[in-house]
Amino acid sequence: MQAPILSVEKLGVRYGAVEAVRGIDLAVGQGEIVALLGANGAGKSSTLNAIVGLAPSTGQISFEGAPISGIATEALVRKGLTLTPEGRRIFGSLTVEENLTLGGIPLGKAQEKRRENLERMFALFPILAERRGQIAGTLSGGQQQMLAIARSLMMSPRLLLLDEPSLGLAPRIVDTIFEQVAELRASGITILLVEQNVAMSLEVADRAYVMASGEIVAQGTAEELSSSHLVEQAYLGHA
Amino acid sequence: MDFFLQQTINAVSLGGTYALLALGLAIIFSIMGMINFAHGELMTTTGYALMFAGLAGLPFVIAAPLAVAVAIGTAMLMERIAFRPVRKGSPATMLVTSFAVAVILQTLFQNLIATRSQPVILPDALAQSVAIGDLTIGVNQILSITITVIILVALNWFLKRTTLGIAMRAAAEDFSVARLMGVRANAVISGAFAISGALAGAAGVLWVAQRASVDPLMGFVPVLKAFIASILGGLGSLTGAVAGGFALGFIEIFLTAYLPEDWQPFKEALALGIVILLLLVRPNGLIPAFNIGREKV
Amino acid sequence: MRKTSLGLLAATALAAAGIATGASAQDVLKIGAASAQTGGLAPYDGPAMEGFKMAVDEINAAGGIGGKYMIELEIIDIRSDAAQTAIAAQELLDGGINVLITPSDADPSFAAAALATEAQVPAFSPGASSPTLPLMGGDYMFANFPGDNVQATVSASWAIEQGFKNAYILYSPDTQYTTLPLYFSDVFAALGGTVAGQGTYVIGQQDFSAEITKIKALDPPVDVVMTAAYEPDFPAFVRQLRAAGITAQVIGSDGIDSPTTFSLGDAAEGVVFTTAGHPTPGSDLEAFFAKFEEVYGRPADTIFAAVGYDLMKVIEAGVLAADSVEGAAIRDAVAELEDVKGVTSAITYKGTTGMPVRQVTLIRVKDGERELVGQPSPDPALVPAPRMQ
C-alpha cells in the first residue's frame, strides 16, 4: 500500500443510544480501490458519512496527511474528497445538466475546468448527454446512479466515497456500473467503495475491509478475502 | 361581461400580491422547513421605511426601492441573529422563534415609533385610474400586476439560470447532498432570506400603496393570507405558492362579486371552506413540493 | 403573584398612612383601567387614558373630588385582547377598585362588564359607541361616547338634507361598531332615501376592488356611500373608491377621526364623518387641546384625549353626587347625572340605559383640515333601537 490518502483512527459514530461504528481504523492508499463490505446495518454508510462530516463522529480522520475532523462538509468537498450517497439522491426536480452544474461548485470560479469536466462526464456517460435537459427524477434507476457518480466526479475529487452504487439496480445495469467504477481508477481517482455485492466488489477492489456490528472484523487484499471464508462469516455473524 | 372582466382584473391584482407573499414564505419553508411568521413584520418594516422616506421628502420612485432594500437587510439580519442559532433545532423551536421575532418587532415598532397608525405620503397618481373601454384599472392595480410579473420572471430566471439559484433549489430538495456539492448552508439560507425579504418588501410597498398608512400590527393579516395561500398551493412548493396566491385572490374576489347580499357576511368563512375543500381533494396542495416529507437542514 | 403582594404592600402602607393622618380609607377613590395601551385599539385607548390622567392630576392637585376624595389610578395594558381584558378587570376588581375603565371598544368591554356588575363596581368605556354595550353589559356598564345609532341618525339626516337619495353601505360583521352603517341604512330609508345596496368587508381587508366594482355597476349610480370602516381599512377603501372614479359623497363615523384621514390628500377630500366634538375658537375643547400640549409636549391629535378627560369629569360628578366612593352608590348617582360639563359636550345619563345623551359633531375633510359641518341634535324619534346581535 502506498502512502494513505485517507486514514481513519478509532472512528466512532453514535446516534443517541445506538453505537453505529465502534472505534474502527482504516486506511486508503493513493490510487487504490478499497471496498468496505458487510451486512446491512454493519456501520458502513455511517463510516462514510462520518468521513465527509455528515454524521457526528469521534476519533481522527486525515485526508492527504491533514486532519479533517470537524470540518464542515461543504468545506471538505473543496479539499478534494466527496461522497456519492446511498440511494443516489440526485436532485429529482432539477435537470440532468443542473445536477452536474451543482457538482462543479467546489471548483469555484474555474469556469473552463467546469466546462471541460462537463464534457468529460458526457463522454463517460453518453446517456447523460442525450438527456441533459431532462428532469432527473424521470431517469431510470441506472441512469440516476450514473448521474449521481458523474455529479460527484464533476468536482474532480481525488478521493471518491461510493456508497452502494448497485443498490436496487438490475444485474445488467450493475455490471455496467462496476465497469465504469473500474474505468475511473484508470483516471487516477482513489475510491472507497461500500457494497453489499461482495463478489463484484472484490473483483474491482485492491483491498477490502469487512465490517460487522460497527467493527472491522476482517481485512486483506481482494484475493485473500475472495479465497477465505472470512467474508461469509462476517455476513453470517460469527466472525 | 364587463363586470366579469373588471372582477378578473381585480382578482389578478389581489392574487398577485398574495402570490408574492406566499412565495416569500415558501422559499424559506422549502429550505429550512420553517414557516417564518415574522414575514409580516418585514412588510411592516417596509411600510415604516416608506413612511420615513416620505417624511424625508424622497420621491416615491426612490423611496420604494429603498424600502425594499431595508426589508432585504432586515430579513438577512433576522436570519443571522434569530434563526441561525436555532437552525439545527426542532421545527417547533424554529416556529416559536419566528413567532417571538414577530412579537419582538411589533413591540419595537410600538415603543420606538408609535402604537397608532402612521400616515404614509404617497403620490396622488397611485389613487388614480386608467380607463380602457368600459374597464377602470387603478394605477395601483397596474403597479401591482406589473411588479408581480417582473418579480416572478426575475425569480424564475434567478432560480434556473444562476448557480446560486440552482443551489437553492437543490438545497430545498436535499440539503445534505447539496452540502456534498460544496453548497454553503449559510450562503443559501442567507440568500433565501434576502429573496424572501425582497418579496416581502415588494408586497409591502404594494400593500402600503393601497392603505396609505402603517401600524405596528400591519403584518398580521398578510402573513395569514400568505400562510393560507402557501398551504393551498402546496407547502414549500414555489410554483404552488404562486398558484395558491392567485387561487386565493380569485376565490375572494369572485365570492364578493357573485355571492348574494344575504350571504356576503359569510364570504370569508366560505373562502376558507373552499380552500379546505380543495385541500380535501388535493391534500398536498395544488402543486405539491417535490420532496414532501424529506428532512430539512 | 407579584402584583398581589405589591397591592397588599400598598394597602398596608395606605392603612399606615391612614393611622398617621387620622383619615379613613374611604377618602381614596381607586380607579382601575383595563385599557388597550398597545395593539389595534391603542390609537383610541392611548390618548383616552392620557386625557383621563390629565383630569385625575388636576382633580388631585385641587385636593381631590370635592376636596375630599383623592384619586388613585392603576392601568393594566390589555393589548387590545378581549381575554386579557377579563383577566385584567378581575385582577383590578380583586384589588378593591371603586370604578373600572374598560377598553374603547364594545367587544372587549363586554368581557369586563359582567365581572364589574357582579362586583357592583361601575364600569365605563371611554370610546365604545355601540348602544348594545350598556344594554347587554348590565346595570353597571356605562358608555361615554355618542352611540352608533345616534351618530348614524345625525349623518343620515344630514345626507337627506343635502338631497342625497341613493345610498350604498359597507359594513363589517366583525365587531359591533363596524355594523353602524346598518343604523344609517334604517334612518336613511325612514327619511325617504333608497339604500341601493350593502356590502361587507373583513376588518384588516386591504383590497376593496370587488366591492367597488359592484358599487360602480349600480344603476342608477349611488350618490352617497356610508361606512364605519376605520384604519387601516378606511384609507384603503376610500383611495380605491376614488381611483375607480366614483365621486359619491363618502360618510364615515368617529373611528376615522385620526390624522391619517387628513393626510390622504385628494382621496379623502370632502369626506364627512361624525365624532364627539370640535375645537371651535374659544371653546372648552380648544382650551383642553392647548393644555394637553402643555402637559405632554405634543399635540393631542385625536378627540379621544378629550373624551378620556370628560369621562373622568363624569366620574367626578358621580362621586360628588353620591358623596361616597362605594361602587353601587356611584352607579346610582351616575345614572341620574344631567348636563355634566365636559370639554367635548354636555353629558347626560338620566333617562338613558347607560348610553349618554350628548352632542354629535359632523366634520368635513377640507384641504386636509377639519371643517365643522354642524353639531346638530338628532331627532329622538328617528334614533333606531339598538340592534341586538
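Helix axes are lines fitted to C-alpha atoms over the stretch in contact, with angles running from 0 to 180 degrees between N-to-C directions. This is a predicted model, in which local features need pLDDT of at least 70 and side-chain atom pairs count only at pLDDT 80 or more, while totals for chains, interfaces and linings use all residues. Residues are numbered from 1 along each chain as its sequence is written, chains are lettered from A in the order in which they are written, and side-chain values use heavy atoms, leaving out hydrogens and water.

**Helix pair in chain C**
- In chain C, the axes of helix H2 (residues 42-61) and helix H11 (residues 284-296) come within 11 Å and cross at roughly 85°; helices are DSSP runs (H or I) of at least four residues, numbered from the N terminus.
- H2(C) and H11(C) are therefore roughly perpendicular (65 to 115 degrees) to each other.
- Contact (heavy atoms within 4.5 Å) involves residues including C:Glu50 and C:Met54 of H2(C), and C:Phe288 and C:Tyr296 of H11(C).

**Interface of chains B and C**
- In this interface, 37 residues of chain B are in contact with 41 residues of chain C.
- The two chains bury about 3,000 Å² between them, 53% of it on carbon and sulfur atoms; buried area is the accessible area (1.4 Å probe) lost on being put together, summed over both parts.
- B:Arg116, B:Gln210 and B:Arg211 supply 22% of the area that chain B buries against chain C, more than any other three residues.

**Salt bridge**
- One salt bridge (a side-chain nitrogen of Lys or Arg within 4 Å of a carboxyl oxygen of Asp or Glu) is counted between chain B and chain C.
- A salt bridge joins the side chains of B:Lys267 and C:Glu211 at 2.7 Å, N to O.

Terms used: Helix = DSSP H or I, 4+ residues; strand = E, 2+ residues; numbered from the N terminus. Parallel < 35°, antiparallel > 145°, perpendicular 65-115°, else oblique.
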